[in-house]
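Trainee: I have a model open and would like to go through its side-chain contacts. Could we begin with the terms?
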Amino acid sequence: MLRDIREKSVPLGKHRLPPLPYPYDALEPVIGEETLRIHHDKHHQAYVDGLNKAELQMAQARAEGDYTFVKYWENELAFQGSGHILHSVYWTILAPEGYGGRPGPVTRQQMTARFGSFRAGMEQFMAATAKVEGSGWGILVWNPAWQALEILTAEKHQNLTQWGSIPILVIDVWEHAYYLDYQNKREDYIQRIMELIDWDEVENRLCLAIKGKLPLIMT
């Protein structure tokens with residue numbers, strides 16, 4: 001049974017930082033407590049604050065009919081909003097070691113249909129994530145246009161997230177996400193972070209995505 005999701009419309013400028021679904025030390029030793037506090041409480045919060053500010057600035061521009069700075073604020077909406085979406089998904093698809101379960105039947109079926117096998121799909125996902133240009137994201141998405149899974153890499157997440165594909169499994173490879181623990185050893189980080197994937201959550205998100213849903217907070 002799919003878990004309940006919150007689908008209320010968020011008023012302009014009222015986005016909130018979602019709470020972590022586990023304690024700050026729950027992902028150790030793969031992700032340290034200090035890294036998680038900085039990443040969630042400061043970096044993700046900055047995306048939320050930036051998104052709220054951009055929405056309110058555009059509301060003011062509409063009220064005044066002054067679009068002098070529309071290019072800047074539209075870019076902020078895309079950048080800050082995409083950062084908020086991806087990080088929100090990121091927290092929910094991680095779990096303490098030993099609590100992530102196993103890939104579900106729909107996940108395995110869709111991975112096999114698209115990539116030939118679950119293993120082949122995951123190998124491609126990890127390789128693509130390790131090679132993403134700059135510091136960005138590896139993203140497994142449900143593409144409604146294809147009715148199939150797809151693997152994307154995002155150097156600039158604002159160019160991808162708020163379009164049609166729905167992120168299912170995301171891996172953040174920005175330096176801030178792992179510098180304290182891995183000191184820029186990206187492949188080591190990716191190998192270890194895969195030990196924390198909550199496959200029950202991935203399965204749930206895929207089932208919801210097939211129905212066109214992208215919840216930021218799972219309950």
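Mentor: The expected span of a helix is 1.5 Å times one less than its number of residues. Helices (H or I, at least four residues) are DSSP runs, numbered from the N terminus. This is a predicted model, in which local features need pLDDT of at least 70, side-chain atom pairs count only at pLDDT 80 or more, and totals for chains, interfaces and linings use all residues. Residues are numbered from 1 along each chain as its sequence is written, and side-chain values use heavy atoms, with hydrogens and water left out.

Trainee: How many Å should helix 7 span?
Mentor: The twelve residues of helix 7 should span 16 Å at 1.5 Å a residue, and this agrees with its end C-alpha atoms, which are 16 Å apart.

Trainee: Is helix 7 mostly covered or mostly open?
Mentor: Helix 7 is mostly covered, with nine of its twelve residues buried. Buried means under 20% relative accessible area, exposed over 50%, and partly exposed in between (1.4 Å probe, protein chains only). Among the buried residues are Trp199, Val202 and Leu206.

Trainee: Which salt bridge involves Arg205?
Mentor: Arg205 meets Glu201 in a salt bridge with an N to O distance of 4.0 Å. The term requires a side-chain nitrogen of Lys or Arg within 4 Å of a carboxyl oxygen of Asp or Glu. Arg205 and Glu201 are four residues apart in helix 7, so about one helical turn separates them. Arg205 is buried at 2% relative accessible area, and Glu201 is buried at 3%.

Trainee: How many salt bridges does the count come to?
Mentor: The count comes to four salt bridges. One of them joins Glu123 and Arg119, at 3.1 Å from N to O; both residues lie in helix 4, four residues apart. Arg119 counts as exposed at 63% relative accessibility, while Glu123 counts as partly exposed at 45%.

Trainee: And what does Glu33 meet in a salt bridge?
Mentor: Glu33 meets the side chain of Arg37, at 3.3 Å from N to O. Both lie in helix 1 (residues 33-64), about one turn apart. The charged end of Arg37 also sits over the ring of Tyr24, 3.9 Å from its centre. That label requires NZ of Lys or CZ of Arg within 6 Å of the ring centre and within 35 degrees of the ring normal.

Trainee: Turning to aromatics, how many pairs does a search of the whole structure find?
Mentor: The search finds six aromatic pairs. Phe118 and Trp199 form an edge-to-face pair, with 5.4 Å centre to centre and 70° between the planes. Rings of Phe, Tyr and Trp (its six-membered ring) pair if their centres lie within 6.5 Å; planes under 30 degrees apart count as stacked, over 60 as edge-to-face and the rest as tilted.

Trainee: Which parts does the pair of Phe118 and Trp199 tie together?
Mentor: Phe118 lies in helix 4 (residues 118-131) and Trp199 in helix 7 (residues 199-210), so their pair ties together parts 81 residues apart in sequence. Phe118 is buried at 15% relative accessibility, and Trp199 is buried at 10%. Arg108 lies over the face of Phe118, at 4.8 Å from the ring centre.

Trainee: Which residues do ring pairs link into a cluster?
Mentor: Ring pairs link Tyr90, Trp91 and Trp137.

Trainee: Lastly, where does Gly212 lie?
Mentor: Gly212 lies in the segment after helix 7 and is exposed, with a relative accessible area of 54%. Its C-alpha atom is separated by 9.7 Å from that of Asn143, 69 residues apart along the chain.

Key: Helix = DSSP H or I, 4+ residues; strand = E, 2+ residues; numbered from the N terminus.
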